Amino acid sequence: MPSCDRKFGFSTGAIAKGDFELAIEVIKRAGLAVVELSALREYELPKLMGALSNLDLSSFEYVSIHAPSRLSELSERDVVQLLGGAIKKEIPIVLHPDTIEDPAEWCKFGSFLLIENLDKRNSAFRTTRELHEVFARFPDAQFCLDVAHARQVDPTMGEATQMLRAFGSRLRQVHASGLNSNSTHGPLSSAASWAFSQISHLIPQDVPIILESPVSEQALGEELSFARRAFSPWLQRLRAEIDDVFDLKVAGFRHQQITSFLCLLHETGTKLSDFEHVIRQLPTGGAYKTGDMFLSTVDLLQRLSDTERADLQEYFLDRVSKVAKHFPELPKQFKQQFS
Amino acid sequence: MLQQKVNGEWKSIDKAIATAEDKLSVLTRLLVPPGNRPIAEDASVVFFGSLARGECTSKSDLDWIVLIDGQVDEQHYRTFQTVRKSLIEAQEIRPGNTGLFGGMAFSHDIVHRIGGEDDTNRNLTLRMLLLLESTSVGDDAARKRVVRAILRRYLADDPSWTRKSDGKIRRFLFNDSVRFWRTMAVDFADKFHDQAGEKWALRNTKLRFSRKLIFLASVLACFSWHLHRPKQDSGEREQPIDLAQAHFDDYLSRPPLDIVADELLLGGISDHICNKIFASYNEFLSIIDDSVSREELVELPRELAEKSKLFQRIRELSHIFHQGLLEWLFNTESEIFKLVRDYALL
């Protein structure tokens, strides 16, 4: 499935805290096919479960419910009973594992139970090692990876990578948001976007991504676009590869860089109009760290959707026409390539 | 308001304020991602100097840091590089601009290392500048948190602090403000020695005006806890230390020129004194804003200072500025004089 077809949605709690009906309407208006119904605060649960049968969720391809994260009024059994209504509708339940006191209560949810990794405020269930224990107790349970929690616990994203390797086969959905060291949720930052892009190749394309960034309806579209770029960074990377050859910022080397590449195309008999072949021959550069997955331009190109591919081709042709204008001697020198 | 009251015509100050606002808008467009989203969690891009004082001139340097107040994250370095690259590409800074500014700074040292051998010159300078002349573009939360944490340390760890809101001058903060002013003056001499007098005249000019101005603002902030301290609620539920922190935070959130102007208005200081202070400062800004004059100050060697009409004019203006401050702060009838006498001298 092409990367642009990743499915994004929002948690109702991020859109309108305590008002899931309003949030659902906002998310529907945005044309999103994914929603998580938040009952993070326990008082929200009875109202949500009472209304569940009457909620029109038909436009959504994926719906989940976030169980309360802390119980004081309701007993664990009450919560499990209330959530039973969702299981009948085959709606998965996202659970913070520190809520579990009696595992037997939750075992009946089977594969509809999604265990979420926690943030650093907790003393357990933050790392792969700590999560192994809970999955051993719930062998059928699935995994909700909160990338913001994982990043807070380990900003290098090493822990997130380990979780995806260990529990990738259980991965059912992803939570994403901006999260500072005080565990306050915010919009995705540029730094968070970069961090998430480092592990995006490990997240299957069909796993829904739920945004927990608190945003207004007006800012929802912008947040969504930003998240799409974070989890599908391939187009941006290929643009950067094109620029490294055709639009090098170091003016003194620009001409030399373009000429070297055109010589390569000349030797292989490749025309600039043969877009895919040109992209395949672009040198894959840029700094990457030990342990990073090295993606060649061929790998990157394969990850693009048809729309992104067309977008990239337009970008490439624009760069080529600028080169021809800026260095008029090059089309004469490399007639075959520019033909 | 002060300008209207004293019928002053301080066009260079007005122009510098407008230039600073324009510059901040440019930097915001340049550095803040679309949708006003954060560049990174737990970090603010902080600017100091004339931009933060709200008195920018056409040739003002851009002093900036990425201030980090959070757990270690390698992304912070990437954030710093992104900011630096954007500023270089927009020709706002030069590529080789390094030193105190143009890097990353971490809140822990700034807040925890006050005094002692570990409080380096850089640490002291960053701390005081954060309090006295800092602003940020984009998400300001990290800078605000650090400013409040610095104030908290000065207040909570002041040995003279009492539980009552008695309006006593906070000596810890006051002494460090004085230390910073003296450090700036000593550093001027040190740079003169180290850099063989390079940019001597420009640095001297800044010491006479803008550096003195931020010292004055810090002294006024310390005195303000006595002069304008807020009243505690009748039940005394509010902790005096919380009250003091909020007071200093609010007081110092204004640019230094505003702080001085407001104190002159509140103190009912004569138009004559106000004009001495502000008209001389206005002319200083006018000179600094003029590219020819600024260039002369950059190039002027110490031995030719006596022959430079420009530098002699600056000396003259600085004496007027200084005289204005003396007439205001050493008026023996005023309340502020008692504070100057009791705290600033010994």
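A crossing is left-handed if the near helix is turned anticlockwise from the far one by less than a right angle, and right-handed if clockwise. Keep that handy for the exercises below.

This is a predicted model, in which local features need pLDDT of at least 70 and side-chain atom pairs count only at pLDDT 80 or more, while totals for chains, interfaces and linings use all residues. Residues are numbered from 1 along each chain as its sequence is written, chains are lettered from A and ligands numbered from 1 in the order in which they are written, and side-chain values use heavy atoms, with hydrogens and water left out.

**Exercise 1. Find the mean pLDDT of chain B and the scores of the complex.**

Step 1: for the complex, the predictor reports an ipTM of 0.72 and a pTM of 0.81.

**Exercise 2. Describe how α7(B) crosses α10(B).**

Step 1: take α7 (residues 141-156) and α10 (residues 240-251), both of chain B; their axes come within 10 Å and cross at roughly 130°. Axes here are lines fitted to C-alpha atoms, for helices over the stretch in contact, and angles run from 0 to 180 degrees between N-to-C directions. Helices (H or I, at least four residues) are DSSP runs, numbered from the N terminus.
Step 2: α7(B) and α10(B) are therefore oblique to each other; angles under 35 degrees count as roughly parallel, over 145 as roughly antiparallel, 65 to 115 as roughly perpendicular and the rest as oblique.
Step 3: the crossing of α7(B) past α10(B) is right-handed.
Step 4: look at the contact (heavy atoms within 4.5 Å): B:Leu151 and B:Arg152 are among the α7(B) residues making it, and B:Gln245 and B:Phe248 among those of α10(B).
Step 5: sort the contact residues, and you get seven nonpolar, one polar and four charged. Ala, Val, Leu, Ile, Met, Phe, Trp, Tyr, Cys and Pro count as nonpolar, Asp, Glu, Lys and Arg as charged, and the others, Gly among them, as polar.

**Exercise 3. Work out how α9(B) packs on α11(B), then on α15(B).**

Step 1: α9 (residues 200-227) and α11 (residues 256-266) of chain B pack at about 50°, axes 9 Å apart, which makes α9(B) oblique to α11(B).
Step 2: α9(B) passes α11(B) in a left-handed crossing.
Step 3: the contact includes B:Leu213 and B:Ala217 of α9(B) and B:Val260 of α11(B); its classes are nine nonpolar, one polar and one charged.
Step 4: the axes of α9(B) and α15 (residues 335-344) of chain B come within 11 Å and cross at roughly 120°, so this pair is oblique too.
Step 5: α9(B) and α15(B) make a right-handed crossing.
Step 6: B:Leu220, B:Phe223, B:His226 and B:Leu227 of α9(B) meet α15(B) residues including B:Leu339 and B:Tyr343.

Note on methods. pLDDT is the predictor's confidence in each residue, from 0 to 100. Helices (H or I, at least four residues) and strands (E, at least two) are DSSP runs, numbered from the N terminus.
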